Structures are given as C-alpha cells and as structure tokens.
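The exercises below ask you to read a protein model step by step. Try each task on the structure before turning to its solution.

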Amino acid sequence: MNEAPGEIELDWVLVLAPFRKDADYIAAFLREQRVPVNPVRTDNNLASHLSWSPGVIVITHEALGPAAVTAIGEHLAAQPDWSEVPILVLLERAAPIARIRSQLERAWPRARLLFHTRPIAQLELVNSIQTNLLVRLRQKQVRDAIEREVELRLELNHRIKNILASVTSIFQMTRRGAATAEDLAADFTGRLQALSNVHTAVFEAGWEEVSLSSVVGLTVSPYNGNGRSRIHVSGPDVAVSRNSATTIALCLHELITNAIKYGALSENDGSVDVTWAISEDAAPVFSLHWVERDGPKVVEPTRRGYGTKYVRSALGSLFGSPPEMSFDPEGFRCQGAGLLERLRQP
C-alpha cells in the first residue's frame with residue numbers, strides 16, 4: 001500500500017502470510033472486492049503495521065510464531081474496552097485446532113477468533129472477512145455512541161450550570177430594583193419566561209444555531225395578542241449562535257418591560273418597531289433598532305435602572321461596543337451594531 005491504512009476512512013485488512021504467495025493471493029482477491037488490504041510477508045515490522053489499527057487480521061498457520069503472537073498480543077492488550085479485533089486464522093487441515101485455539105485464546109484475550117481450514121474457497125474467505133469488517137464497523141458505532149453520550153452529559157451539565165447562574169443573576173438584579181414583593185414576583189417571572197422562550201427556540205434548532213426571526217417572534221408574541229400587534233418586527237432571517245439569541249431575547253424583554261411601565265406600550269395607541277439589517281460589506285455588519293412611537297413624552301431618567309444597565313452591558317458585549325440610547329421626546333430609541341460574525345460565535 002502507498003499510504004498508512006489508518007489514513008483512509010474504510011477499515012482495512014492486515015494479511016500476515018510469510019510463505020509461498022499466500023499474502024499476494026489473498027490481497028489480490030480482496031482488492032477485487034474493493035476491500036483495503038495490506039499484505040505482510042514477515043513479522044520483522046509487524047508492530048508498525050499493527051499501529052495503523054487494522055479492522056481485521058488474517059494470519060496463516062505458518063505465521064503463528066512466537067514473535068507474531070507476542071506482537072499481536074501486545075496490540076490487543078492496548079485496545080480500548082469497546083474493541084474486539086476479529087482475527088481469522090487459516091490452519092492446515094491436519095492441524096490440532098483445539099490446542100491452537102486454546103493457546104491463542106490465552107495469548108489474545110481481546111480478540112474475536114475465527115478459524116478456517118485450508119484449502120478454503122475464495123468466496124467463503126471473502127464473505128468471512130466482509131462479515132467481520134461489518135462487525136468491526138458496529139464496534140466503532142458503539143464507540144461513537146458512547147463518546148457522544150459522554151459529550152452530551154458534559155454539555156448538559158455545563159448548560160444547567162449556566163442556566164442556574166443566569167437565574168441567580170436575574171433574581172439578584174430584579175430584587176435590587178423591586179419596590180414590593182408583587183413587583184419582584186411579576187418582574188422575575190417575566191424574565192424567566194423570556195429565558196424559557198429562548199431556550200425553547202434554541203432546543204428546537206438543535207442547540208447549535210437558531211433563527212433570529214424565531215427568537216424575536218417568541219419574545220414579542222405575548223404582547224401582540226387579541227388580534228392587535230403593538231410590536232412590529234421586520235428584518236432578514238439570519239442564523240445566530242444560542243448565546244447571541246439568548247442575549248438579544250433578554251434585551252428585548254427588558255426593553256418591552258420598560259416600554260410597558262414608562263414608554264410607548266404604557267398607552268393604548270403606542271407601538272414599537274423592532275428592526276434589524278445586515279450590510280453588504282465584505283465583512284457584514286448587523287444592526288438592531290428599537291424605536292418607540294405614540295407614547296407619552298419621554299423624559300430622560302435621573303438614574304438608570306436594571307433594564308437599561310443590562311441592555312447596555314449585554315449588547316455592548318455582543319456587538320463589541322455599547323448601543324446608542326436616545327431619550328427622544330417623541331419616543332425612546334436604542335440601536336446597536338457590530339460584525340455579523342460576532343453573533344455566530346459560540
């Protein structure tokens with residue numbers, strides 16, 4: 001072979017046959033079946049071939065010398081728990097099969113041993129090898145499933161810790177700004193609902209990236225009931241990371257809460273436009289706009305509350321620079337912008 005078998009995707013067969021032309025003969029008809037194979041005629045460099053991790057080993061009676069048995073035994077001993085390497089042993093018809101089996105089972109406890117007597121039909125040997133390549137594939141699928149489960153457990157643990165940290169932070173900040181127990185309960189419940197809505201969207205998207213339109217829609221939907229839309233949303237659909245989705249949703253929730261208490265949504269005719277756009281630059285810039293209309297005359301507050309502080313801090317971290325907030329008498333405005341690439345980072 002011209003390349004290390006471990007560098008190709010398909011499993012491959014190591015054939016150890018030192019006498020006659022057995023190695024070349026077996027390799028030839030395996031290649032006809034498009035089975036990757038590496039014939040070895042000596043055990044001098046066997047450890048190197050084994051280090052490439054063959055999927056199946058075929059070894060003839062003549063190759064069962066002490067050096068080969070030891071090298072294969074050491075290779076098997078180093079295998080992970082999921083691995084049981086299939087080894088096909090080609091014996092002479094007159095060979096003491098029971099004794100050889102007993103010896104090899106002691107020397108190779110981590111192997112799946114199969115014995116064939118020679119002469120063996122080409123089709124029978126090919127079928128046996130292909131069947132055991134399938135066995136090896138199933139073993140690797142089990143390995144991948146176990147590794148994936150471990151990754152998911154670690155990821156779940158990480159996410160739970162992050163969620164609990166977020167809930168704790170939201171509660172502490174809400175408590176500091178609450179005048180009464182009723183205010184605390186209402187504000188805290190609303191913020192948790194906003195967080196829950198985002199996690200629903202992220203979960204449905206597969207926990208990788210999420211549609212910004214879906215996130216914004218879930219966030220504003222509770223405020224657009226009874227057949228009337230007071231929060232108008234528009235912008236191109238774009239996929240953003242789950243962290244960016246969470247940040248934008250929570251910021252929108254804070255802006256909505258503030259608008260209900262003091263801004264445009266505190267009056268029947270008031271409304272809000274939530275829009276976003278993406279520039280056509282080589283490095284696209286994402287911009288998010290919040291504009292309130294037809295509400296009470298806006299007066300800049302003497303102190304900044306939790307919502308304003310959170311939005312400024314969170315969008316500043318997301319976009320790389322703090323958003324612009326304008327307490328225009330005609331309606332509060334908030335605008336943030338940053339490279340689109342930042343919103344796609346995990």
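The term pLDDT stands for the predictor's confidence in each residue, on a scale from 0 to 100. This is a predicted model, in which local features need pLDDT of at least 70 and side-chain atom pairs count only at pLDDT 80 or more, while totals for chains, interfaces and linings use all residues. Residues are numbered from 1 along each chain as its sequence is written, and side-chain values rest on heavy atoms, with hydrogens and water left out.

**Exercise 1. Find where confidence in the protein chain is lowest and highest among its elements.**

Solution. Next, turn to the elements, which are DSSP runs numbered from the N terminus, helices being H or I of at least four residues and strands E of at least two. Confidence is lowest in helix α6 (residues 181-204), with a mean of 77, and highest in strand β3 (residues 56-60), with 96. Finally, look at residues 1-9, where the pLDDT is below 50 and where the model has 10 contacts beyond near neighbours in sequence, a contact meaning heavy atoms within 4.5 Å. Where pLDDT is low, the predicted coordinates should not be read in detail.

**Exercise 2. Work out the strand order of the open sheet of five strands, and say which helices pack on the sheet.**

Solution. Strands pair if DSSP finds at least two bridges between them. On that basis the order is β2-β1-β3-β4-β5, with parallel pairing. Because β2 (37-40) and β5 (111-118) stand at the edges with a single partner strand each, one side of each is left without a neighbour in the sheet. From one strand to the next the twist averages 15°, where angles run from 0 to 180 degrees between N-to-C directions and axes are lines fitted to C-alpha atoms, for helices over the stretch in contact. Inside the sheet, β3 and strand β4 (residues 85-92) run parallel and are joined by four bridges, and Thr60 stands opposite Leu90 in β4. Helix α1 (residues 22-32) packs on the sheet and touches β1 (13-16), β2, β3, β4 and β5, its direction making about 175° with that of β2. Helix α4 (residues 97-107) also packs on the sheet, touching β4 and β5, and its direction makes about 155° with that of β5.

**Exercise 3. In which sense does β9 pair with β7, and in which with β10?**

Solution. Strand β7 (residues 231-234) and strand β9 (residues 271-278) pair in the parallel sense over four bridges, with Val233 opposite Val274 in β9. By contrast, β9 and strand β10 (residues 285-293) run antiparallel and are joined by eight bridges. Val272 has Glu292 in β10 as its bridge partner, and a hairpin of six residues joins β9 to β10.

**Exercise 4. Describe how α7 and α8 pack.**

Solution. Helix α7 (residues 212-220) and helix α8 (residues 242-261) pack at an angle of about 30°, with their axes 10 Å apart. The two helices, α7 and α8, are therefore roughly parallel to each other, a label for angles under 35 degrees, whereas those over 145 count as roughly antiparallel, 65 to 115 as roughly perpendicular and the rest as oblique. Among the residues that meet are Val215 and Val216 in α7 and Ile248 and Leu252 in α8.

**Exercise 5. Which residues does the cis peptide bond join?**

Solution. The cis bond joins Arg118 and Pro119, with omega about 0°, and Pro119 lies in the loop between β5 and α5 (122-177).
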